[in-house]
Each structure stands twice: as structure tokens, then as C-alpha cells.
Amino acid sequence: MSFTELKGHISCEVRTRDMLRRFAQNQKSSLRTAIMIATPSHGNLGDQAIVYAQKRFLADALPGFSVFEIQRYQYELARESIQGMVRPSDIVVVDGGGNVGTLWPEENDKINDIVSRFVDCSVLVFPQTAYFEDSERGQECERETATVYRSNPNLVYFSRDRRTFETIGKLTPDTPNYYVPDIVPYINDAPFSTERSGALLCLRADKERALDDEAVKRLIPSLSNLGFRLVVRLRSLRSQQGFTRGTGMPFFAPSGQSSAPPSWSSPTGSMACFSLLSLALHAWRWTI
């Protein structure tokens, strides 16, 4: 281990001990806690936006709860200690994203560990995309994930695209599974009065990439021919998370139902999704 690695390890240990101290104080002073557990600590802005939006949503939707965040490295260093401080009246929140399935197996393993570990309190998996590759490895991952989900009677799942909604419904039919928008638009802080000009084209360059080089070569001149002044960024955005290839903004619907597609930012959509979370929590013994 290099000096730099040792220094980083010691820093993580110190910050984890501080987190455990603050968590213990929180549990003494709060009757109920919404625990955002194993959140990402890397610098990808999309993943950080998900965490920020979840904090905002939980603070708005659960006025009787404190909200406490435990980062991924802290969870990995102290999961047994954390587990010992979580109460049946608490809610464990798994951050949303594209972390379920075979594209990012270490993320799927993390979620499975959380779901299997916290069976005595409500576990909410925030809006996810799931992808299991069509292979023996994918089928094995599906079976393992289904077994874990079915073993937790207090699991509530939120799917952010129809394919995921249908996949989770097949894997674990008895798990409450809701079809909702991605959580990030809930922030809704974008200014609308700013004068706009041109377009910024951002394309993935990692394994989540949906377009090959030839498609990009056709896309850029096509947009230019439409009169757009383009600034192009083609890069890898995250090192370890997410499968965000989807079908657009999904609609809000509990299992077996359908509805018009509200958004988080509209009054109708916000109230619908607040009601959804309220109903999910009522179903699992908690009153908001």
C-alpha cells in the first residue's frame, strides 16, 4: 500500500467513525429516521443530483422523520454497526439510478446486501432502471436478485421505466412495485427566464453508450443542418454506476394500473407521487 493509499484509508476510517457518532446521536434524538444508505461518493453530477433530489423529496414528504445520509464507503466499513442502530420505525432508502442487474454487478450486489440485511424496517428502492443481460450470467443474477427481494416483506420498489417495471413485477410479484418518474426532475430549480442560444450535445463514451461512432457522425451534421450551433462533449461520465438507457419520462402507476404521465415538477405529478409514498408507508405500519 502506497503512502497516498494509506492516507486515504485512514481518512475514510476517521470519517466513518465520525458518521457513526453522528448517527448514534441522531437515533437518540429522532423517533424516526429516513436513512439514505450507501450513497455514491464519486464526483458524477448525475448521481449526486439523484442524492440531492432524494434529500429534498424525503424532507418534503416525511416531516416527521429526520433524514440521514451514509455514504457507500462508510456503509462498507461499518455495515454491522449501522445495522445495529437501525430501528423498525426507520426507513432505509436505496438511492435511485441504473444500478440493478448485470451492467454494474458491484452495484447490484450492494443493493442486494442492503435488501437482505434490513428486513425489520421498510426498505424503499428509489426510481431504478434494471438490466439483466440475455446470458447464463444474466439469468443467474436474476434468480439471485429475485430471491433477495422476495425474502424481504418490507421492500417497496420504484421503477423509472416500463421495462424495469415489468421486469421487477416478474421477478418478485408480491413486492409493491410503482412506476414513477426519475427523481431528479423533482428538484425543479432551473431558471426559465434565461435567454438561450445554441445547443450543448453531450454523449456518453463508456459502456452505457447507446450510439456508436457512425451514428454520432450522422447525428452531428444533421443537427447542424437544422440550424443548431453545437458544442459537443463526448466523454465517460461515471466510473462505476448506472444504466440510463430508457424510454423517456415514465408515468406514475402502481402495479397493474395505468394513468396519464404526470411529472414531478407539475402540481398534479408531485401530489400524486407524494400520495404514492404516503400510501406505501401506510401499508408498512408508519403514519405520516
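Modeller: It's a predicted model, so keep that in mind. E76 forms a salt bridge with R72, with the closest N and O atoms 2.8 Å apart.

Colleague: Where do E76 and R72 lie?

Modeller: Both are in helix α3, residues 72–85. They sit four residues apart, about one turn of the helix.

Colleague: Which residues are linked with R72 and E76 in a network?

Modeller: D95, E107 and K110. With R72 and E76, they are linked in a network of salt bridges.

Colleague: How many salt bridges does the count come to?

Modeller: The count is 16. One of them joins R209 and D213, with the closest N and O atoms 2.7 Å apart. R209 is partly exposed at 23% relative accessibility. D213 is partly exposed too, with a relative accessible area of 47%.

Colleague: And K217, which residue forms a salt bridge with it?

Modeller: E214. The closest N and O atoms are 3.7 Å apart. K217 and E214 are three residues apart in helix α7, residues 213–225, so about one helical turn separates them. K217 is exposed, at 55%. E214 is partly exposed, at 46%.

Colleague: Switching to the surface. Which residues gather in a patch of negative charge?

Modeller: E106, D109, E136, E140 and E144. Helices α4 (105–117) and α5 (136–150) each give two or more residues to the patch. The largest share, three residues, comes from α5.

Colleague: What about D109, where does it lie?

Modeller: In helix α4. D109 is partly exposed, with 48% relative accessibility.

Colleague: Now the inside. What does T16 touch?

Modeller: Leaving out residues up to four places away in sequence, T16 touches Y73, Q74, L77 and A78. T16 is in helix α1, residues 3–29. At 3% relative accessibility, T16 is buried.

Colleague: Last one, the whole chain. How many helices and strands are there?

Modeller: Eight helices and 10 strands. Buried residues make up 46% of the 288 residues. The chain exposes about 14,900 Å², with carbon and sulfur atoms supplying 54% of that.

Key:
Residues are numbered from 1 along each chain as its sequence is written. This is a predicted model: local features need pLDDT of at least 70, side-chain atom pairs count only at pLDDT 80 or more; totals for chains, interfaces and linings use all residues. Side-chain values use heavy atoms; hydrogens and water are left out. Patches are made of residues with over 30% relative accessible area and no salt bridge: like charges are joined within 9 Å, nonpolar side chains (Val, Leu, Ile, Met, Phe, Trp, Tyr) within 5 Å. Accessible areas come from the Shrake-Rupley method with a 1.4 Å probe; for residues, only the protein chains shown count as cover. A salt bridge is a side-chain nitrogen of Lys or Arg within 4 Å of a carboxyl oxygen of Asp or Glu. Lys and Arg count as positive and Asp and Glu as negative; His and the chain ends are not counted. The place of a charge is taken as NZ of Lys, CZ of Arg, CG of Asp or CD of Glu. Buried means under 20% relative accessible area, exposed over 50%, partly exposed in between (1.4 Å probe, protein chains only). Contact means heavy atoms within 4.5 Å.
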